[in-house]
Amino acid sequence: MTQNNLRERIASKEIILMDGAMGSELMKHPEYAGNHPSELNINNPEIATAIHRAYVEAGAEMIITNTFDV
């Protein structure tokens, strides 16, 4: 989705499906225990990738990054 396309869709009040609660999904993994969520991007990137992929497969058109401390 381009920036112009996004602006057009917002202006037309068209629904845009976004991803869901990343933190809740991360907490389901034992690797999350005692770690900062952003550390999983470095130590276990496949977890965040799988969560994002599942959201896309469920119909999400926009994905927000897993950056909790930025």
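A nonpolar core is a set of buried Ala, Val, Leu, Ile, Met, Phe, Trp, Tyr and Cys residues joined through side-chain atoms within 4.5 Å, where buried means under 20% relative accessible area with a 1.4 Å probe, protein chains only. Keep that in mind for the third stop.

This is a predicted model, in which local features need pLDDT of at least 70, side-chain atom pairs count only at pLDDT 80 or more, and totals for chains, interfaces and linings use all residues. Residues are numbered from 1 along each chain as its sequence is written, and side-chain values use heavy atoms, with hydrogens and water left out.

**Whole chain.** Start with a cartoon view: the chain has four helices and zero strands (DSSP runs, H or I of at least four residues for helices and E of at least two for strands, numbered from the N terminus). Along its principal axes, the C-alpha trace spans about 45 × 25 × 15 Å.

**The core.** Now select Met22, Leu26, Tyr32, Leu40, Ile47, Ala48, Ile51, Tyr55 and Ala60, the nine residues of the largest nonpolar core.

**Tyr32.** Finally, centre on Tyr32: beyond its neighbours within four places in sequence, Tyr32 is in contact (heavy atoms within 4.5 Å) with Leu26, Met27, Pro37 and Leu40.

Note on methods
Buried < 20%, exposed > 50% of the residue type's maximum accessible area, 1.4 Å probe, protein only.
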